Amino acid sequence: MAFNRPKKKLMEDDEVIVLNNVSKSYQAGVQALSNINIHIKKGEFVFVVGDSGSGKSTFIKLLLRELVPTTGSIYILDYNLNKIKHRKVPKFRRNIGVVFQDFRLLKDRNVYENVAFAQRIIEVPSAQIKKNVPKVLATVGLAGKYKVKPGRLSGGEQQRVAIARALVNKPSIILADEPTGNLDPKNSMEIMKLLEEINEKGTTVIMVTHNKEIVNAMQKRVITLNKGVIISDVEKGGYNDEI
Amino acid sequence: MKFSTFFYTLWQGVKNIFRNKLFSLASVATISACLFLFGVFYSILANFQHIVKTAEEGVCVVVFFDEDITEERISEIGTMITKRPEVSKINYVSAEDAWNVFKDEYLGEYSDGFTENPLADCANYEIYLNDVSLQNALVTYLESVPGISEVKRSELTALTLSNANKLIGYVSLGIIGILLAVSVFLISNTVTIGIQVRKEEISIMKYIGATDYFVRAPFVIEGILIGLIGSAIPLGLIYFIYNRALNFVRDQFKVLSSLLNFLTVNEVYKMLLPVCLGIGVGIGFLGSFSTVRKHLRV
C-alpha cells in the first residue's frame with residue numbers, strides 16, 4: 001500500500017489513520033485483535049462498534065500508542081507507531097484529542113482550569129491560553145460556567161468540558177471512547193451534535209460506542225468488531241445487528 | 001523548556017502540597033521527626049567527640065635525652081619530631097624550666113637548700129598528638145632515635161580515649177544510618193500514596209501529551225519542598241532547645257560545665273545545618289522522583 005504521509009497541510013483524501021494487518025495478543029495468550037485493516041481519511045466520522053470483548057479497548061490503546069501491535073503496522077498522520085520513540089510519544093498524542101466515558105476531569109479545578117490544563121501541558125504561553133480557553137468554552141456552550149467545579153455540573157456539561165479540553169489544542173483527530181455512556185438520551189444527542197459540528201469543521205472523529213440508537217441516527221461510517229475481527233465496515237451505515 | 005513552564009511546574013509543586021494537605025503534613029511530620037532525632041543525636045555526639053578531642057589534646061608523650069647530648073642534637077631531634085605526621089605540636093622543657101616548675105609546685109621555700117639543679121638531666125620534649133590512637137607508632141619511632149634515652153607515655157589514657165572515640169564513631173554511624181533508612185522508607189511510602197491519589201491526573205496528562213518532564217517536575221518539586229520544610233522545622237526546634245539545654249546545664253551543673261567544654265550552637269550548626277537541609281531535600285527528591293517514575297508509562 002502506498003501510504004500517504006502528509007508533510008504539511010492535510011488534504012481531504014489524505015489518510016490520517018492506517019492499520020495494516022494489525023493483530024494484538026496479550027501475554028496470557030488472549031487474541032484481542034486479528035488481522036485488522038482500516039483506512040480513515042481526514043474529516044471522516046467513524047463509529048467503531050462491538051460488544052464487550054470485541055477488541056474496542058485494545059483498538060483505542062493501539063491508536064494512542066499505549067500498546068504496540070503484535071504484528072502489522074499502524075500509521076497515524078506522519079507517525080509510524082511501530083517505530084516511534086518513547087520520548088516522541090507525547091508529541092504524537094498532541095494530535096489526538098481524547099474524550100472518555102467517565103469524563104476524567106480534575107475535580108479540584110474549575111472548568112477554565114481543566115481546559116487550560118491541556119494547553120499548559122503543551123507549553124502554550126499564558127497570554128495565548130487566556131484567549132484560547134474562552135473561545136473553546138464558547139464552542140461547547142459553557143462560556144458562562146468557566147468558574148464552576150466539575151462536581152457542580154451535569155453529566156452532559158462535564159462531557160462538554162472534556163470535549164473542550166480535547167479540542168483546545170486543535171487536534172487533527174478526536175478519539176471518543178463511549179462519550180455518551182454515562183449520559184441520558186437528551187444529553188447524548190447534544191454531545192453527538194457537538195461532535196458532528198466539530199467533524200464538519202474538518203476534524204476527524206473516531207467514536208467507539210455500543211449505543212445502537214446513536215449509531216443508527218447518525219448514519220456515518222460504521223466499523224463493527226466482533227471477537228477481535230472486523231465483521232463489517234459500512235459507509236453511512238447503521239448498527240450491525242449480527243453482534 | 002520555557003520559563004513560563006518552569007514557573008508553572010514550580011507553582012504546581014507548591015499547589016500540590018496544599019491540594020493534598022494530609023499527605024503533605026504526614027510527609028513533613030515524618031521527615032521532621034526523623035531529622036529531629038538525627039539532629040539531637042548529632043548534637044550529643046558532636047559534643048561528646050569534642051570533649052574526647054579536648055581530652056586527647058591534653059595527652060602527651062615526653063622524651064628525655066642521653067646525659068652527654070649536645071644542644072644541637074636536641075634541636076635536631078626537635079625538628080625530626082615536628083616533621084612526624086602524628087604530631088600536632090611539641091614543647092621543649094629545659095632542665096631549668098623543669099626545676100622551676102618542680103620547685104613552684106612541690107618545694108616552695110624549701111628549695112633554697114639546693115645549690116645545683118637536681119633535674120639537670122631532665123630536659124625534655126612534650127609531644128602532643130593529632131590523634132591519640134597513633135601514640136604507639138610515634139613511641140616506636142622515638143625509641144629508635146639516637147640521643148633519646150627514655151620515652152614516657154600514658155598508655156591507659158591513650159587507649160581509653162582512642163577506644164571511646166571509635167565507639168562514638170560506630171554508634172553515631174549506626175544510629176544515623178538507621179534513622180536515614182527509616183526516613184527514606186517512610187517518605188517513599190508517603191509519596192507513593194500521594195502519587196496513587198493523583199494517578200488519574202498523571203494518566204490524563206499523559207493522554208493529552210505531557211512530556212515525562214512535565215509530569216514529573218511538579219511532584220519532584222513538591223517532594224523537594226516537603227523535604228525542605230521537613231528539615232527546617234527540626235533545625236529551628238533544635239536551635240531553640242540546644243541553647244536552652246546548654247544554659248540549663250551551665251546553671252544547674254556548674255561542676256560539670258567547668259570540667260567539660262561544650263560546643264556552642266553555632267559550632268554545631270556549621271555541620272548540622274547543611275547536612276540536615278541536604279538530607280531533607282535529598283530524601284524528598286529521591287522519594288518523589290523514584291515514585292513518579294513508576295507511574296509514567298500509561
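**Working through the model**

Tutor: Start with B:Ile44, which lies in helix H2 (residues 21-58) of chain B. Helices (H or I, at least four residues) and strands (E, at least two) are DSSP runs, numbered from the N terminus. This is a predicted model, in which local features need pLDDT of at least 70, side-chain atom pairs count only at pLDDT 80 or more, and totals for chains, interfaces and linings use all residues. Residues are numbered from 1 along each chain as its sequence is written, and chains are lettered from A and ligands numbered from 1 in the order in which they are written.

Student: Is B:Ile44 buried, exposed or partly exposed?

Tutor: B:Ile44 is partly exposed, because 15 other C-beta atoms lie within 10 Å. The cut-offs are 20 or more other C-beta atoms within 10 Å for buried, 12 or fewer for exposed, and partly exposed in between, with C-beta atoms placed from the backbone.

Student: What pLDDT does chain B average?

Tutor: Chain B averages 82, and 95% of the residues score at least 70; pLDDT is the predictor's confidence in each residue, from 0 to 100.

Student: Sheets next. What is the strand order in the open sheet of chain B?

Tutor: The order is S2-S3-S1-S4, with antiparallel pairing. Two strands pair if DSSP finds at least two bridges between them. Strand S2 (87-93) and strand S4 (148-152) of chain B are the edges, each pairing on one side only.

Student: How many bridges join S2(B) and S3(B)?

Tutor: S2(B) and strand S3 (residues 124-129) of chain B pair over 6 bridges, in the antiparallel sense. B:Val87 stands opposite B:Leu129 in S3(B).

Student: Moving to chain A. How long is helix H4 of chain A, end to end?

Tutor: H4(A) (residues 126-139) has 14 residues and reaches 20 Å from its first C-alpha to its last, close to the 20 Å expected at 1.5 Å a residue. That expected span is 1.5 Å times one less than the number of residues.

Student: Which residues of H4(A) are buried?

Tutor: A:Val133, A:Val136 and A:Leu137 are buried. Seen down the axis of H4(A), the buried residues fall within an arc of 100 degrees, so they line one face of the helix; the arc is that of the directions from the helix axis to the C-beta atoms.

Student: Which residues are exposed on the other side of H4(A)?

Tutor: On that side A:Ala127, A:Gln128, A:Lys131 and A:Lys135 are exposed.

Student: What about phi at A:Phe103?

Tutor: A:Phe103 has a positive phi of about 65 degrees although it is not a glycine. Most residues other than glycine have a negative phi. A:Phe103 lies in the loop between strand S6 (96-99) and H3 of chain A, and counts as buried because it has 22 C-beta neighbours inside 10 Å.

Student: And A:Asn35, what is its phi?

Tutor: Phi of A:Asn35 is near 50 degrees, a positive value in a residue other than glycine. A:Asn35 is in strand S2 (residues 31-41) of chain A.
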